[in-house]
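Hi,

Here is the structure I promised to pass on. Have a look at it first, and then read my notes below.

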Amino acid sequence: MRIYTLFLFCLLCTGPAFSQTYMEYLEKSYDYLEKDDLFAAEESVRAAMRLEPGHPYNYALLTNLGTIQRRQGKYEDAVISYTAALSRKMDNVSILESRASLYVEMGETEKAMNDYNMLISIDPLNEDALYCRGLLYLQEKSFLWAEQDFDRILEINDKTVKGRLGHAVLEKMRENYDESERIYNYLISQRPKDWHLYESRADLYFMMGKNARAMSDLNKIFAETEPNAALYVLRGKVKLAQYEKASAAKDFLQAKEMGYDEAIIDELLKMTK
């Protein structure tokens, strides 16, 4: 959201004239965002566009609107806003990225893949898009296509983390655990404070049955970050494997309280009895 706020500020300074009321609504939307009043921010953006529906820079407002709606959980409305923005700027990489990632969040894999394909056709060197498309290929178990995307990232930038991380996930899914571990170890040696890498390696260690190592990585994450529900679930699974049932149950219940899928948690809790 901050990116588009700055972007719109530049437009206000250099683009076509905006009416005072139009600018006032925009400023109000920023003020509401600062206060985390998303409903009021959404209404202010809508009011600005109603005043000047034909303004050439309304695609940026539509993008802002989509992001505000997304933050409110209004995913279908956000898709409509991003799509309306793209109808005005069909080759805008940032808007395509926003809609593609939203489709991923919604579980709309095919639509996300279409957006990433279009994005990569516009910007073939876009590492983020290649990485995200590679992950979608992994979901579909299209391992060769995923490998091509991760290899392409390394061709573009041999120092990138994303290309190697993609290969680590790929090898884990192929059950080439030793190779996946080797890649994670290298990445962590280069980025010792990247806690997402520790989380991924902990999950790998759990799959390998190296539960003490998994717990060591998880202890680092819990000590240095605010763990999310998925981390509590992973730690609970590791504890179960170590026969610490009571402690595992506490982690699963904490994950449930944080919004994790109740059906999954209930099944895990049965294993702690």
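This is a predicted model: local features need pLDDT of at least 70, side-chain atom pairs count only at pLDDT 80 or more; totals for chains, interfaces and linings use all residues.

Residues are numbered from 1 along each chain as its sequence is written, and side-chain values use heavy atoms, with hydrogens and water left out.

Back to the pair. H14 covers residues 229-241 and H15 covers residues 245-257; helices here are DSSP runs of H or I with at least four residues, numbered from the N terminus. Their axes are 8 Å apart and the packing angle is about 165 degrees. (Axes are lines fitted to C-alpha atoms over the stretch in contact, and angles run from 0 to 180 degrees between N-to-C directions.) H14 and H15 are therefore roughly antiparallel, a label for angles over 145 degrees. In the contact (heavy atoms within 4.5 Å), residues of H14 including Tyr 232, Val 233 and Leu 240 meet residues of H15, among them Ala 248, Phe 252 and Ala 255. By class, that contact has seven nonpolar, three polar and five charged residues. Nonpolar here means Ala, Val, Leu, Ile, Met, Phe, Trp, Tyr, Cys and Pro, charged means Asp, Glu, Lys and Arg, and the others, Gly among them, are polar.

Ala 255 sits in H15 and counts as buried, at 0% relative accessibility. (Buried is under 20% relative accessible area, exposed is over 50%, and partly exposed is in between, using a 1.4 Å probe and protein chains only.) Leaving out residues up to four places away in sequence, Ala 255 touches Ala 229, Tyr 232, Val 233, Tyr 260 and Ile 265.

There's another pair to look at. Helix H8 (residues 127-139) and helix H9 (residues 143-156) have axes that come within 8 Å and cross at roughly 160 degrees. H8 and H9 are therefore roughly antiparallel as well, and their crossing is left-handed. The residues of this contact divide into 11 nonpolar, one polar and four charged. Among those that meet are Leu 130, Tyr 131 and Leu 138 in H8, and Trp 145, Phe 150 and Ile 153 in H9.

Now the charges. The count comes to 21 salt bridges, each being a side-chain nitrogen of Lys or Arg within 4 Å of a carboxyl oxygen of Asp or Glu. Here are some to click through:

- Arg 71 pairs with Asp 36, with the closest N and O atoms 3.0 Å apart. The pair links helix H4 (residues 58-71) to the loop between H2 and H3, 35 residues apart. Arg 71 is partly exposed, at 43% relative accessibility.
- Asp 128 pairs with Lys 162 at 3.2 Å between the closest N and O atoms. This one joins H8 to H10, 34 residues apart. Asp 128 is partly exposed at 39%, and Lys 162 is partly exposed at 30%.
- Glu 147 pairs with Arg 174, the closest N and O atoms being 3.1 Å apart. Glu 147 lies in H9 and Arg 174 in the loop between H10 and H11, so the pair ties together parts 27 residues apart in sequence.

Finally, salt bridges that share partners join Glu 42, Arg 46 and Lys 74 into one network.

Cheers

Note on methods: Helices (H or I, at least four residues) and strands (E, at least two) are DSSP runs, numbered from the N terminus. Angles under 35 degrees count as roughly parallel, over 145 as roughly antiparallel, 65 to 115 as roughly perpendicular and the rest as oblique. A crossing is left-handed if the near helix is turned anticlockwise from the far one by less than a right angle, and right-handed if clockwise.
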